[in-house]
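Here are a few exercises to work through with the structure open beside you. Try each task yourself before reading its solution.

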Amino acid sequence: MFSQQTMTTLALLLLIASCVRTYADLLDIRKYGVTPNGDITMALQKAWRDACVSMTPSKIVVPSGKYKLRQIYFMGPCKAPIEVQVNGVLKAPKNPFHLNGQYQWVRFEYIDFLNLSGNGTFHGRGKMAWKQNDCQTNKNCLKLSMNLGFGFVNNSVIQDITSKDSKYFHVNVFGCKNITFTNFKVSAPAYSPNTDGIHIGKSIKVNIINSKIGTGDDCISLGDGSKEVTILNVTCGPGHGISVGSLGKYENEESVEDLIVKNCTLKNTNNGLRIKTWPGTPITSLASDLHFEDIIMINVSNPIIIDQEYCPWNQCSKQSPSKVKISKVTFKNIKGTSATQEGVSLICSSGIPCEIVVLSDIDLRFNGTTLMTAKCVNVKPLIGRKAPTCAY
């Protein structure tokens, strides 16, 4: 399933991470006047400026301890690779009004060869914000800040870092190319609203490997323009599963292509593997070559879903069908337990039915009984061995 190109990309990114460690400049933020439990915002900004203008690789170190951090932007382009090693706990302002919700709390932008490492935590302190989140019913709701943003960051690695209790999404990846998350952890309770773990949009060659994500929304979500995304050895739960979409809500959306989800475990999630598009989409777009293989489900509601009538909180009309074309989708070797009697639901568009959807080696059980049928609408999946048959 993995292409030679995918494996080469992963090897290259891990090599980048090791090369950045061969740094010439070591910038310990304590040299900039920081003390434990103090505010490190100005010190980090100064250290970043020094690193960014250096002609040789640099390493910024945040040592163990707890620190306060206001909203901060790490801007490039820089002249050489930079490693930011966070070993401490960085704490965001608790009050959501103290952050500009249009942007992330910590944002990296226009950077090549970044290595964000360490065993530290970005603590969003989101509990106060969650109580004020009424976006499900209020279109003019308060915009809440995400923990981490990566915009136009290329050839980079984020490893061994934890994102905790974000006020909104934990991580936003936008306009990036060749970026890898490895041994990355997301931690938030199941009741935290709209706290997607990692959201990807308009990015190419994003890899999420050997990571653990537990949150209150999608563990990983792919927005439009996501291409060549690999999700490998990821544990998801609690959360809403691994999602493509939602797609088709806005004009000028780009296609989603070439997704591999492999060797993952989903536990106690509200959904499993999901592709979701809005009805009444303004333009025709494409979601193609989406492959889910070797997945373990443990007490997962709705383990396998294609939903082209996705319309949460009645925000749309279902009278006109989705114009997102879904094709070349594989669900293979999906095993475990379902928390719902309907384990496989493929609801495709009446305007553009799904094409080349494959179900193979599906072994899902509900209350000890193997699920033998799948709900299928506007799709005729190719049924491999040991897979549920369609109930039309």
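**Exercise 1.** Does Val153 count as buried or exposed? Work out where Val153 sits and what surrounds it.

*Solution.* A quick note before we start: this is a predicted model.
- Step 1: Find Val153 in strand E10, which covers residues 148–159.
- Step 2: Check the relative accessibility. Buried means under 20%, and Val153 has 0%, so Val153 counts as buried.
- Step 3: List the neighbours. Leaving aside residues up to four places away in sequence, Val153 touches Phe108, Glu109, Ile111, Leu114, Gly175, Cys176, Lys177 and Ile179.
- Step 4: Pick one of them, Phe108. Val153 and Phe108 are 45 residues apart along the chain, yet their C-alpha atoms are separated by 7.2 Å.

**Exercise 2.** How are the rings of Trp130 and Tyr191 arranged?

*Solution.* 
- Step 1: Recall what to look at. A pair of aromatic rings is described by the distance of the centres and the angle of the planes.
- Step 2: Take the two values. The centres of Trp130 and Tyr191 are 5.9 Å apart and the planes lie at 85°; an angle over 60 degrees counts as edge-to-face, so this pair is edge-to-face.
- Step 3: See what the pair links. Trp130 belongs to helix H3 (residues 127–132), while Tyr191 lies in the loop between strand E14 (185–187) and strand E15 (198–201), 61 residues apart.
- Step 4: Compare the accessibility. Trp130 counts as buried at 8%, whereas Tyr191 is exposed at 59%.

**Exercise 3.** Now try Tyr168 and Phe169: how are their rings arranged?

*Solution.* 
- Step 1: Their ring centres are 4.7 Å apart and the planes are at 10°, so the pair is stacked.
- Step 2: Tyr168 counts as partly exposed at 23% relative accessibility, and Phe169 counts as buried at 13%.
- Step 3: For a group of rings, turn to Trp48, Phe74, Phe108, Phe150, Phe181 and Phe184, which ring pairs link into a cluster.

Key: Residues numbered from 1 in each chain as written. Predicted model: local features only at pLDDT ≥ 70, side-chain atom pairs only at ≥ 80, totals over all residues. Heavy atoms only, no water. Helix = DSSP H or I, 4+ residues; strand = E, 2+ residues; numbered from the N terminus. Buried < 20%, exposed > 50% of the residue type's maximum accessible area, 1.4 Å probe, protein only. Contact = heavy atoms within 4.5 Å. Phe/Tyr/Trp six-rings, centres within 6.5 Å; stacked < 30°, edge-to-face > 60°.
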